[in-house]
Amino acid sequence: QVELVESGGGLVQAGGSLRLSCAASGRTISRYAMGWFRQAPGKEREFVSGTVWSGEIIDYAVSVKGRFTISRDNAKNMVYLQMNSLKPEDTGVYYCAADLTGGSYVSRVHDVYDYWGQGTQVTVSS
């Protein structure tokens with residue numbers, strides 16, 4: 001069992017920055033791929049970014065590439081998402097997720113992920 005808790009969301013103006021954190025407990029996530037997803041009201045949950053267990057392979061959605069940076073600290077059982085140059089369309093609930101079946105690749109498919117956090121709200125005002 002893995003428990004994931006996100007934090008760091010909030011209200012920010014367009015062009016601003018936020019850093020999301022995901023704290024894992026119950027089991028080490030050091031061998032698992034981790035992902036960030038988001039869901040805006042009335043829309044499906046979408047992939048934002050993901051990293052393999054080592055951090056050597058990272059993937060970003062086209063919409064956030066160049067603005068967001070994912071990182072992880074396996075010693076602390078933490079995953080982060082640094083979000084810069086935020087836009088109103090980045091608004092949504094952001095979820096951290098763990099893929100226990102594959103540590104060496106990043107999946108953009110939310111059904112692949114085994115554990116999810118409760119989400120943290122990010123609101124970007126124009």
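Me: In the salt bridge where the side chains of arginine 38 and glutamate 46 meet, what is the N to O distance?
Reply: This is a predicted model, in which local features need pLDDT of at least 70 and side-chain atom pairs count only at pLDDT 80 or more, while totals for chains, interfaces and linings use all residues. Residues are numbered from 1 along each chain as its sequence is written, and side-chain values use heavy atoms, with hydrogens and water left out. A salt bridge is taken as a side-chain nitrogen of Lys or Arg within 4 Å of a carboxyl oxygen of Asp or Glu. For arginine 38 and glutamate 46, the N to O distance is 2.6 Å.

Me: Is glutamate 46 buried, partly exposed or exposed?
Reply: Buried means under 20% relative accessible area, exposed means over 50%, and partly exposed lies in between, with a 1.4 Å probe and protein chains only. Arginine 38 has a relative accessible area of 5% and is therefore buried. Glutamate 46, at 36% relative accessibility, counts as partly exposed.

Me: How many residues apart are arginine 38 and aspartate 90?
Reply: These two residues form a salt bridge whose closest N and O atoms are 2.9 Å apart, and both of them are buried. Strands are DSSP runs (E, at least two residues), as helices are (H or I, at least four), and they are numbered from the N terminus. Arginine 38 lies in strand 4 and aspartate 90 in the loop between strand 8 (78-83) and strand 9 (92-99), a link between distant parts of the chain that are 52 residues apart.

Me: At what angle do the ring planes of phenylalanine 37 and phenylalanine 47 lie?
Reply: Rings of Phe, Tyr and Trp (its six-membered ring) pair if their centres lie within 6.5 Å, and planes under 30 degrees apart count as stacked, over 60 as edge-to-face and the rest as tilted. By this rule there are five aromatic pairs. The rings of phenylalanine 37 and phenylalanine 47 have centres 5.6 Å apart and form an edge-to-face pair, because their planes lie at 80°.

Me: Over the ring of which residue does the charged end of arginine 45 sit?
Reply: A charge sits over a ring if NZ of Lys or CZ of Arg is within 6 Å of the ring centre and within 35 degrees of the ring normal. Arginine 19 lies over the face of tyrosine 80, at 4.0 Å from the ring centre. The charged end of arginine 45, at 3.9 Å from the ring centre, sits over tyrosine 95.
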